[in-house]
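Subject: Structure handover

Dear colleague,

Here is the structure I said I would pass on. My notes on it follow below.

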Amino acid sequence: MKIESVEIEDRGAELMALARLVAFALESAKSLDAEIAEFCLDKALRAVLEQIDEPSRMTLTSSDIMLMNRSALC
């Protein structure tokens with residue numbers, strides 16, 4: 001049972017890292033005015049965020065929240 005909780009925590013941490021990466025790429029696409037890339041990255045960010053469990057969401061930093069809020073998620 002302990003192994004499962006560690007795997008779940010690792011999964012959450014990996015998904016959070018992926019969300020940060022995609023959010024950063026989305027910001028870059030916006031600044032480059034790359035509309036198709038922006039559209040796809042927005043969809044990808046939404047998909048990743050939907051996969052993150054509630055305990056992992058609690059580890060978001062204020063910088064993470066600010067970066068993700070600049071996307072079209074709001």
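A contact here means heavy atoms within 4.5 Å. On that basis, residues 24 or more positions apart account for 70% of the contacts in the chain with a separation of 6 or more. Please keep in mind that this is a predicted model.

Overall layout

The chain has four helices and zero strands, and along the sequence the pattern reads α-α-α-α. Of its 74 residues, 26% are buried.

In soluble globular proteins, nonpolar side chains tend to be buried together. The largest nonpolar core in this chain has ten residues: L15, M16, A19, V22, A23, L26, L45, V48, L49 and I52. Helices α1 (2-31) and α2 each supply at least two residues of this core. The largest share, six residues, comes from α1.

L45 is a core residue located in helix α2. It counts as buried because its relative accessible area is 0%, and the cut-off for buried is under 20%. L45 and L18 are 27 residues apart in sequence, while their C-alpha atoms are 8.5 Å apart in space.

Helix α2

Helix α2 covers residues 35-51. With 17 residues at 1.5 Å a residue, α2 should span 24 Å; the distance between its end C-alpha atoms is 25 Å, which agrees. The buried residues in α2 are D42, L45, V48 and L49. They lie on the same side of α2, because the arc they cover around the axis is only 130°. The face turned away from that buried side carries the exposed residues I36, F39 and E50.

Salt bridge

Side chains of opposite charge can pair when their charged atoms come close. How many salt bridges are there in this model? The count comes to one. It joins the side chains of R46 and D42, at 3.1 Å from N to O. Both residues lie in α2, four residues apart, about one turn of the helix. The two partners fall into separate accessibility classes: D42 is buried, with a relative accessible area of 12%, whereas R46 is partly exposed, at 32%.

Between α1 and α2

Most residues other than glycine have a negative phi, and most peptide bonds are trans. D33 has a positive phi of about 60° although it is not a glycine. Where is D33? D33 sits in the loop between α1 and α2. It counts as exposed because its relative accessibility is 57%, and the cut-off for exposed is over 50%.

S28 belongs to helix α1 and is partly exposed, at 25% relative accessibility. The C-alpha atoms of S28 and E38 are separated by 8.5 Å, and the two residues are ten apart along the chain.

To recap the main points: four helices and zero strands, a largest nonpolar core of ten residues, one salt bridge, and a positive phi at D33.

Best regards

Conventions: Residues numbered from 1 in each chain as written. Predicted model: local features only at pLDDT ≥ 70, side-chain atom pairs only at ≥ 80, totals over all residues. Heavy atoms only, no water. Salt bridge = Lys/Arg side-chain N within 4 Å of Asp/Glu carboxyl O. Buried < 20%, exposed > 50% of the residue type's maximum accessible area, 1.4 Å probe, protein only. Core = buried A, V, L, I, M, F, W, Y, C linked by side-chain atoms within 4.5 Å. Expected span 1.5 Å × (residues − 1). Arc of directions from axis to C-beta.
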